[in-house]
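Welcome! Here is a short briefing to read alongside the sequence and the 3D view. Take it one topic at a time.

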Amino acid sequence: MIYTVNVKRGPKNGTLTFSAPGKKITTPCYWDLAAKIPAGTYTGCSATTMARKKNSAGKPREAIFIPNVPGFSGIFIHMGKPPFEKWSDGCIVIEESKIIEIHNAISPKDGHNVTVTITG
């Protein structure tokens, strides 16, 4: 099964929509305006955890890893808190509850089974 994440960027923030059978999640998203990743379609992405960064429960942070981003390495969709853009070094940032909900909907983890499309 392939899961999809669509990010529609606006001038300062955007909208992220996650789709899976029987589930659709739409939430605001943010990024560092000076370091935003190129628009495009990224295949082979995975639900994973960020071992070096912790969530509010002190466990590895839930995330979607986006491989092969031109000019960047270590790009994820992950949680942040206001001001959200301060949590991004090119990554796409959403509320913690939303990334946990998305992460929990994807199976298997680290399955290269997520396609992320970024427009705008």
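What covers the buried residues of α1? The cover includes β2, β3, β4, β5, β6 and β7. Please keep in mind that this is a predicted model, in which local features need pLDDT of at least 70 and side-chain atom pairs count only at pLDDT 80 or more, while totals for chains, interfaces and linings use all residues. Residues are numbered from 1 along each chain as its sequence is written, and side-chain values use heavy atoms, with hydrogens and water left out.

**The sheet**

- Helices (H or I, at least four residues) and strands (E, at least two) are DSSP runs, numbered from the N terminus.
- Eight strands make an open sheet with mixed pairing, and their order is β3-β2-β1-β8-β4-β5-β6-β7; two strands pair if DSSP finds at least two bridges between them.
- At the edges are β3 (23-29) and β7 (92-95), each of which pairs on one side only.
- From one strand to the next, the twist averages 30°; axes are lines fitted to C-alpha atoms, for helices over the stretch in contact, and angles run from 0 to 180 degrees between N-to-C directions.
- In a regular strand, side chains alternate between the two faces of the sheet.

- Strand β4 (residues 40-54) pairs with β5 in the antiparallel sense, over six bridges.
- Across this pairing, Met50 stands opposite Arg61, and Lys54 stands opposite Pro60.
- β4 is also joined to strand β8 (residues 114-119) by four bridges, and these two run antiparallel.
- Cys45 has Val114 of β8 as its bridge partner.
- β5 and β6 are antiparallel too, paired over four bridges, and Ile64 has Ile77 of β6 as its bridge partner.
- β5 is largely enclosed by the rest of the structure, because five of its seven residues are buried (buried means under 20% relative accessible area, exposed over 50%, partly exposed in between, with a 1.4 Å probe and protein chains only).

**The helix**

- Helix α1 (residues 96-105) lies across β1, β2, β3, β4, β5, β6 and β7, and it runs at about 100° to β7.
- Glu96, Ile99, Ile102 and His103 are buried in α1.
- Looking down the axis of α1, the buried residues fall within an arc of 130°, so they line one face of the helix; the arc is that of the directions from the helix axis to the C-beta atoms.
- An α-helix has 3.6 residues a turn, so residues three or four places apart point the same way.

**Aromatic rings**

- Rings of Phe, Tyr and Trp (its six-membered ring) pair if their centres lie within 6.5 Å; planes under 30 degrees apart count as stacked, over 60 as edge-to-face and the rest as tilted.
- By this rule there are two aromatic pairs.
- Tyr3 and Phe18 form a stacked pair, at 6.1 Å centre to centre and with 15° between the planes.
- This pair links distant parts of the chain, 15 residues apart: Tyr3 is in strand β1 (residues 3-9) and Phe18 in strand β2 (residues 14-20).
- Both Tyr3 and Phe18 are buried.
- Phe65 and Phe76 make a tilted pair, because their ring centres are 5.2 Å apart and their planes are at 55°.
- Phe65 belongs to strand β5 (residues 60-66) and Phe76 to strand β6 (residues 75-80), so this pair ties together parts 11 residues apart in sequence.
- Phe65 is partly exposed at a relative accessible area of 30%, whereas Phe76 is buried at 14%.
- Arg9 lies over the face of Trp31, 5.9 Å from the ring centre; a charge sits over a ring if NZ of Lys or CZ of Arg is within 6 Å of the ring centre and within 35 degrees of the ring normal.

**Two residues to look up**

- His78 is in strand β6 and counts as buried because its relative accessibility is 1%.
- Leaving aside neighbours within four places in sequence, the contacts of His78 include Met50, Arg61, Trp87 and Ile99; contact means heavy atoms within 4.5 Å.
- Asn13 is in the loop between β1 and β2 and is partly exposed, with a relative accessible area of 37%.
- Not counting residues up to four places away in sequence, Asn13 touches Cys29, Tyr30 and Trp31.
- The C-alpha atoms of Asn13 and Phe72 are separated by 20 Å, and these residues are 59 residues apart along the chain.
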